[in-house]
Amino acid sequence: LAPSLPLQEDFVYHWKAITHYYIETSDDKAPVTDTNIPSHLEQMLVILVQEENEREFGETGPCMEYLLHHKILETLYTLGKADCPPGMKQQVLVFYTKLLGKIRQPLLPHINVHRPVQKLIRLCGEVLATPTENEEIQFLCIVCAKLKQDPYLVNFFLENKFKSLASQGGPNAISEDVLKSQDSLSTDTGQSCQPEEPLEDEPSHQMGDLSTSLENLSVTALPEATVVRPNQDYNLVNSLLNLTRSPDGRIAVKACEGLMLLVSLPEPAAARCLTQGTCLCELLTDRLATLYRALPPSVDPLDIETVEAINWGLDSYSHKEDASAFPGKRALISFLSWFDYCDQLIKEAQKTAAVALAKAVHERFFIGVMEPQLMQTSEMGILTSTALLHRIVRQVTSDILLQEMVFFILGEQREPETLAEISRHPLRHRLIEHCDHISDEISIMTLRMFEHLLQKPNEHILYNLVLRNLEERNYTEYKPVCPEDKDVVENGLIAGAVDLEEDPLFTDISPDNTLSNQEWLSSSPPATPDHPKNDGKTEVHKIVNSFLCLVPDEAKSSYHVEGTGYDTYLRDAHRQFRDYCAICLRWEWPGSPKALERCNLEAAFFEGHFLKVLFDRMGRILDQPYDVNLQVTSVLSRLSLFPHPHIHEYLLDPYVNLASGCRSLFSVIVRVVGDLMVRIQRIQDFTPKLLLVRKRLLGLEPEGPVIDHITLLEGVIVLEEFCKELAAIAFVKYHAASTP
């Protein structure tokens, strides 16, 4: 032990030098930087680090023993709280930060470390924009980093309310008699004791005033503190929350990073305290609301859509440097980056904390702030609020927040829809109605929002919008091919269908009389005597040709123009179908449709509000603007890509026997084509005009004089392309199902 004594003597010498300053000095107005205190503190750290380096890991040296036993950190906290001499708080914060950062052995489990650390945490963020903000955030972040290394330590930082009140000490906290010998300090219990001999009256009185005013400030800074809380305080979170309000952007971002570390700690008690015992939920949602309300109502929806991707930590936007600035861009970026922060926080958070935070965003922000905006009647307001909803639907990445967003937009219902109860979830009803709004802009924006929603990895979206209505397959009606042949096998295929396959006439039977292969999507299950397997190849070619031949030749224009063939659609469909299969893999959908004997075919069929509106719009394809048509067909082709057998049957099987009064995508298009045949007769030079319109749309012809019937002609072009797209999707889905 002999060699280490000089280190300890040195250490004690520096500490005594600091305590002597307080006994001997009469002028405590001089800033701390004019004294030797900073260099003595620095030397003490150097000695502690050197001592640790000279020893085995985990062995506590005499200097560290001295620091712990004599409660040096408690004393420093007291001096820092009083900020005596001026600037001392900064020095104390730096000392604590370096001590925790540089010493490798775990210090926080010691009561004489974690208790003063906890008290110092309370001093942080009390007043915004103080000169010590930088040191405060460094200190809080090192504590967070230590907790991340050893999450169980967080339990030391969940304080019981009544204890914390006592340990805060009265206004005369400095009077925890620093001047008495070190030994008397070891009796300190964190209660404030009356000094036996007061310091010179004047300074003691001032310090009292100072800490009282600090305490008053900390109360007024946080009006939410009046919320009823469980009897635990999580001051580390509260101090970080205060610092997220700092006018200095870098400090606020560091505070957000600290919170990100804390919410991810796996300790359940901490997670509970975080969501119930602090204002974290309120802070996140109130700031979302404030930033949302600060957006100017005139923000252009296109700007909302195209503003570049936002990362919460990089919200350092400068209007001057921005060539693509627009009114409200600063406010929009602030809102989107805070939304991104909430999203990332929920993504990182411990499970119960994540659920509580997401529910708070749902109730306090989605319902409290966004819903009234989406439900308003002003067209300008609807457009802006739908554009913002679309933007955050695209941006959200946390599964738990996405779930809450989906429940907000669509509701939680999973039973089949009925026409009578179509508006059970008012927002869902309103948004679907907006897909068929008198304003084309609103229709397009809402359809785009749904298109992006359908690409999100959440099973409830498609189920709520479409699948719950197809569950019973009650859109089908199975009739035998010939009136005499009444014996239908249980899965709805014809008895004797086996013989059909050997029949040379089989290939010539008109497509209307053959039944689609019900096992379409399963990877070719073996044929059984009572479940004969149709020849898939002829099946898929019949289906593809049904779509390709829907539009009559005189209304086709793509084969006159290069590069508008069917191949591009095949490539796109292949890529998109692969992406959709990857998303839907987790949902364990069946490979083949529900067996008909288990379906309730008697139940009245309603395709559901969403498909109703899409089919209605599809039926008007020849009479509505080109941009609307592109968006409607885009949503329908997205839907048909989903690898669910009922979606496949209902949207992509031309041969399904529809029950009376039911319509399918194919039957809607057939009706449009019938209407088209009649209208073509009335238009002179129909085919050349059609070709000219197509070339103009592709930019192959300059814009010239207006062509009459332009809406109809553009509608025909979209219709032809849509049929090619559906044929490609049907082919790709068949191909995927038949290759194991």
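A residue is called buried when its relative accessible area is under 20%, exposed when that value is over 50%, and partly exposed in between. The model discussed here is a predicted one. By the cut-off of under 20%, Glu 52 is buried, because its relative accessible area is 8%.

Glu 52 has a charged partner: it forms a salt bridge with Arg 104, with 3.9 Å between the closest N and O atoms. Glu 52 belongs to helix H2 (residues 37-53) and Arg 104 to the loop between H5 and H6, so this pair ties together parts that lie 52 residues apart in sequence. Arg 104, at 47% relative accessibility, counts as partly exposed.

In total, the structure holds 32 salt bridges. Another of them is formed by Glu 136 and Lys 89, whose closest N and O atoms are 3.2 Å apart. Since Glu 136 lies in helix H7 and Lys 89 in helix H5, the contact ties together parts 47 residues apart in sequence. Here both Glu 136 and Lys 89 are buried.

A further salt bridge brings together the side chains of Asp 436 and Arg 617, at 3.6 Å from N to O. Asp 436 sits in the loop between helix H20 (426-434) and helix H21 (440-454), whereas Arg 617 is part of helix H26 (residues 609-619), so the pair ties together parts 181 residues apart in sequence. Asp 436 is partly exposed at 28% relative accessibility, while Arg 617 is buried, with a relative accessible area of 5%. Salt bridges that share partners also join Glu 607, Lys 612, Asp 616 and Arg 663 into one network.

The peptide bond from Cys 84 to Pro 85 is cis, with omega near -10°, and Pro 85 lies in the loop between helix H4 (72-82) and helix H5 (88-102). Ala 129, a residue other than glycine, has a positive phi near 60°; its place is in the loop between helix H6 (111-123) and helix H7 (133-149). Arg 473 likewise has a positive phi, near 50°, and is found in the loop between helix H22 (459-470) and helix H23 (497-502). Despite its loop position, Arg 473 counts as buried, at 3% relative accessibility.

Helix H12 (residues 249-263) contains 15 residues and reaches 21 Å from its first C-alpha to its last, close to the 21 Å expected at 1.5 Å a residue. Asp 248 caps the N-terminal end of H12, with a side-chain oxygen placed 2.9 Å from the backbone nitrogen of Arg 250. The buried residues of H12 include Ile 251, Ala 255, Leu 259 and Leu 262. Those buried residues pack against H7, helix H11 (235-243), helix H13 (268-276), helix H14 (280-293) and helix H16 (329-348).

How many residues does the largest nonpolar core have, and which have the most contacts inside it? The core has 213 residues, and Phe 139 and Tyr 234 are the ones with the most contacts inside it. Helix H31 (residues 710-738) gives the most to this core, with 15 residues. Leaving aside residues up to four places away in sequence, Phe 139 touches Leu 93, Tyr 96, Thr 97, Leu 100, Val 117, Leu 120, Ile 121 and Cys 124.

The aromatic rings complete the account, with 19 aromatic pairs counted. Tyr 475 and Phe 605 form an edge-to-face pair, 5.6 Å centre to centre and with 70° between the planes. This pair links distant parts of the chain, 130 residues apart: Tyr 475 is in the loop between H22 and H23, and Phe 605 is in the loop between helix H25 (567-584) and H26. Tyr 475 is buried at 0% relative accessibility, as is Phe 605 with a relative accessible area of 16%. The rings of Phe 615 and Tyr 650 have centres 6.1 Å apart and planes at 40°, so that pair is tilted. Phe 615 in helix H26 and Tyr 650 in helix H28 (residues 645-652) are 35 residues apart. Phe 615 is buried, with a relative accessible area of 1%, and Tyr 650 is buried with a relative accessible area of 1%. Finally, ring pairs link Tyr 292, Phe 335, Phe 365, Phe 366 and Phe 408 into a cluster.

Key. Residues numbered from 1 in each chain as written. Predicted model: local features only at pLDDT ≥ 70, side-chain atom pairs only at ≥ 80, totals over all residues. Heavy atoms only, no water. Helix = DSSP H or I, 4+ residues; strand = E, 2+ residues; numbered from the N terminus. Buried < 20%, exposed > 50% of the residue type's maximum accessible area, 1.4 Å probe, protein only. Salt bridge = Lys/Arg side-chain N within 4 Å of Asp/Glu carboxyl O. Expected span 1.5 Å × (residues − 1). Contact = heavy atoms within 4.5 Å. Polar contact = N/O pair within 3.5 Å; in protein donor to acceptor, adjacent residues only side chain to side chain. Core = buried A, V, L, I, M, F, W, Y, C linked by side-chain atoms within 4.5 Å. Phe/Tyr/Trp six-rings, centres within 6.5 Å; stacked < 30°, edge-to-face > 60°.
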